[in-house]
Structure formats: structure tokens, C-alpha cells
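Dear colleague,

Please read them alongside the coordinates.

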Amino acid sequence: MTPDSARMATSAEALDTKINEAARLLRNSQRLVVLMGAGVSKESGVPTFRDALTGLWAAFDPTQLATVAAFRANPKLVWDWYASRRTIIEAVTFNPAHQALADLETLLSQVVIVTQNIDGLHQRAGSRDVIPLHGAIHQYKCLADCRGAPTLVNVVVWNDLPAVPRCPHCGEFLRPNIVWFGEYLPAESIARATALCHAADVVLIVGTSGVVEPAASLPWHAKHYANAAIIDVNPTDDEFAVMADVFLEAPAGSTLPRVIAAMRAL
Ligand code: APR
């Protein structure tokens with residue numbers, strides 16, 4: 001064995017050990033909360049927010065596209081950007097990480113997925129209890145929420161429109177039902193996610209850098225208030241690695257199915 005291959009074998013062994021530790025923690029969980037971020041969708045081919053600003057969109061700053069002020073200044077530009085994102089998302093499918101999390105429901109009594117992703121891939125994979133903290137790109141609502149928040153409106157065609165469609169109730173513009181910079185998260189969603197974290201026994205964190213609030217605080221709440229065990233899956237260091245009981249430094253798509261297999265073997 002060369003020194004390099006020896007090092008790789010050791011780290012593969014170390015990952016195996018950690019996968020088994022994670023499986024043991026999860027097997028005994030009765031109140032699991034899963035916190036998801038863009039890393040898991042990236043494996044399906046959904047570009048992250050900044051990655052998406054390529055090609056036609058390379059000249060734009062996200063803050064020029066994802067705020068109410070930006071939408072008011074140029075509704076068609078913002079609409080078209082989200083239409084292009086939605087087209088990408090419609091064309092991709094869930095990956096083995098999403099599938100593994102849906103499979104977890106057959107093994108545990110509580111699996112609640114709190115996601116910062118707006119792509120709906122967990123629901124497509126079959127997860128039944130998903131809290132979409134930042135909204136859903138396939139939904140549209142009235143900009144004024146004229147019939148209460150959110151006033152959802154069915155939009156059949158979203159791309160190549162000559163103008164931004166209007167709310168059938170009040171005539172205001174329609175917009176994607178997602179949380180823009182400077183906006184509050186849906187009150188019920190963040191309240192439920194926080195309450196779940198205050199009672200969680202395990203929090204599984206997957207594919208998030210942990211820098212965007214308030215989602216970034218949820219695992220810290222779970223650790224502080226409920227002494228929850230924290231499992232973090234990310235191929236690179238993130239804000240949670242320091243406090244994680246188990247840090248699985250690897251991509252979610254190859255790691256989560258192994259965790260499920262290890263749980264089944266226990
Ligand atoms: N498996 C797991 N994690 C991965 C993978 C992978 N295959 N690939 C990348 N990652 C990790 C990255 O290392 C990074 O830590 O996913 C994380 C993605 O971080 P961000 O791009 O900051 O995404 P997220 O944490 O979801 O951002 C939160 O910020 O951009 C806004 O509103 C947007 O919902 C988003 C929020």
C-alpha cells in the first residue's frame with residue numbers, strides 16, 4: 001500500500017464507523033427533525049442560488065432579483081428569472097438522498113423534514129411531512145395577499161409570458177410563493193419547526209452551510225433546549241460541524257442510503 005492509498009483506506013474506515021454511529025443514534029430516535037439545504041438538491045442538478053446566476057443571468061446580483069423592491073421595480077425580469085429556475089427544477093428528479101429520507105419513514109415514528117429548498121423534491125420522493133421554510137417555487141400568490149397570507153393562485157403557464165399575470169381577485173401582480181430577502185418566513189412554518197427542535201431527540205442536518213437565519217439557529221435550539229444529538233452530512237466543513245455528535249464529511253447521495261442500510265442491519 002502506498003501512503004496515499006493507506007490514508008484513503010483509513011478515512012473510508014473512519015466514515016464507516018461514523019455511519020454506524022449515526023445509524024445507532026437514528027435507530028433509537030422517536031422525535032427526529034431533518035434540516036435540509038441546497039447541497040442535497042445540487043446532486044439532482046438544481047443550481048444553488050448563486051450557481052444559477054449564469055448565462056443570461058450572469059450580470060445580476062441575487063439581491064436584484066429576490067426582493068419585493070426588485071420585483072416592484074421590474075416584475076417581468078424577476079418573473080422570468082424564477083420561470084427559468086422553475087423550468088430547471090421541473091426537469092430534474094429527486095436523488096438517492098431524498099429517497100433515503102423518504103425511506104426513513106418506514107423505520108421511525110417521527111420524521112419531519114424542515115427544508116430551505118424551494119424545489120419540492122422531498123415531496124416528489126414521497127416524504128409526507130415537509131415544512132418548506134422558504135416556500136415553494138411551483139406555487140404563485142398575490143403580491144398583496146389580498147385574501148390572507150398566502151393568497152395562492154393557480155398558474156398553468158409560467159414561462160414565455162408577455163407580461164406578469166395578475167391576481168384574479170384584486171388585480172395585483174402574482175409572484176412566486178417563496179421567501180425573498182428581507183421577508184419573514186411563513187409564521188406557522190417557523191413556529192412549528194422551532195417547536196419540533198425544542199423537543200427533538202435527534203437533528204439530522206444535510207447539505208446546508210448554516211449561515212442563513214433563522215434556519216441556521218434551529219439545530220442550536222435543539223442542542224440547547226432538548227440536548228438533541230446532532231448528525232451533520234456535508235462534504236465540506238460547515239457551521240454545524242463543530243457541535244455535531246457525528247459529522248459525516250461526505251456527499252449526501254452516497255452517504256444517506258448507507259446510513260439507512262446500517263439502520264436496517266441493527
Ligand atoms: N451533499 C451534502 N452537502 C453538500 C453537497 C452534497 N453532495 N454538495 C454541497 N453541499 C453543501 C455545501 O458544502 C454547502 O455547505 O451544501 C451546502 C450548501 O450551502 P448554501 O449554498 O449556503 O445553501 P443553504 O445552506 O441551503 O442556503 C440557505 O440561502 O441562498 C439562500 O434562500 C437560499 O435556501 C437558501 C438559503
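The model is predicted, and I begin with Asp201, which sits in the loop between helix 8 (187–199) and strand 7 (202–206). Asp201 is buried but takes part in no salt bridge, since the nearest side chain of opposite charge, that of Arg31, is 4.3 Å away, whereas a salt bridge requires the nitrogen and the carboxyl oxygen to lie within 4 Å. A polar atom of the Asp201 side chain does, however, lie 2.6 Å from the backbone nitrogen of Gln30. Leaving aside residues up to four places away in sequence, Asp201 touches Asn28, Ser29, Gln30, Arg31, Leu32, Ala228 and Ala229.

Across the whole structure, the search finds 9 salt bridges, and three of them are described here.

One joins the side chains of Asp16 and Arg258, at 2.3 Å from N to O. Asp16 belongs to helix 1 (residues 3–27) and Arg258 to helix 10 (residues 252–265), so this pair ties together parts that are 242 residues apart in sequence. Asp16 is partly exposed, at 35% relative accessible area, and Arg258 is likewise partly exposed, at 37%.

Another is formed by Glu172 and Arg72, whose closest N and O atoms are 3.3 Å apart. This pair also links distant parts of the chain, 100 residues apart, with Glu172 in the loop between strand 5 (152–153) and strand 6 (174–178) and Arg72 in helix 4 (residues 68–73). Glu172 is buried, with a relative accessible area of 19%.

Finally, Asp80 and Lys76 form a salt bridge with closest N and O atoms 2.9 Å apart; because they are 4 residues apart in helix 5 (residues 75–91), about one helical turn separates them.

Best regards

Definitions and conventions
Residues numbered from 1 in each chain as written. Predicted model: local features only at pLDDT ≥ 70, side-chain atom pairs only at ≥ 80, totals over all residues. Heavy atoms only, no water. Helix = DSSP H or I, 4+ residues; strand = E, 2+ residues; numbered from the N terminus. Buried < 20%, exposed > 50% of the residue type's maximum accessible area, 1.4 Å probe, protein only. Lys, Arg positive; Asp, Glu negative; His and termini not counted. Polar contact = N/O pair within 3.5 Å; in protein donor to acceptor, adjacent residues only side chain to side chain. Contact = heavy atoms within 4.5 Å.
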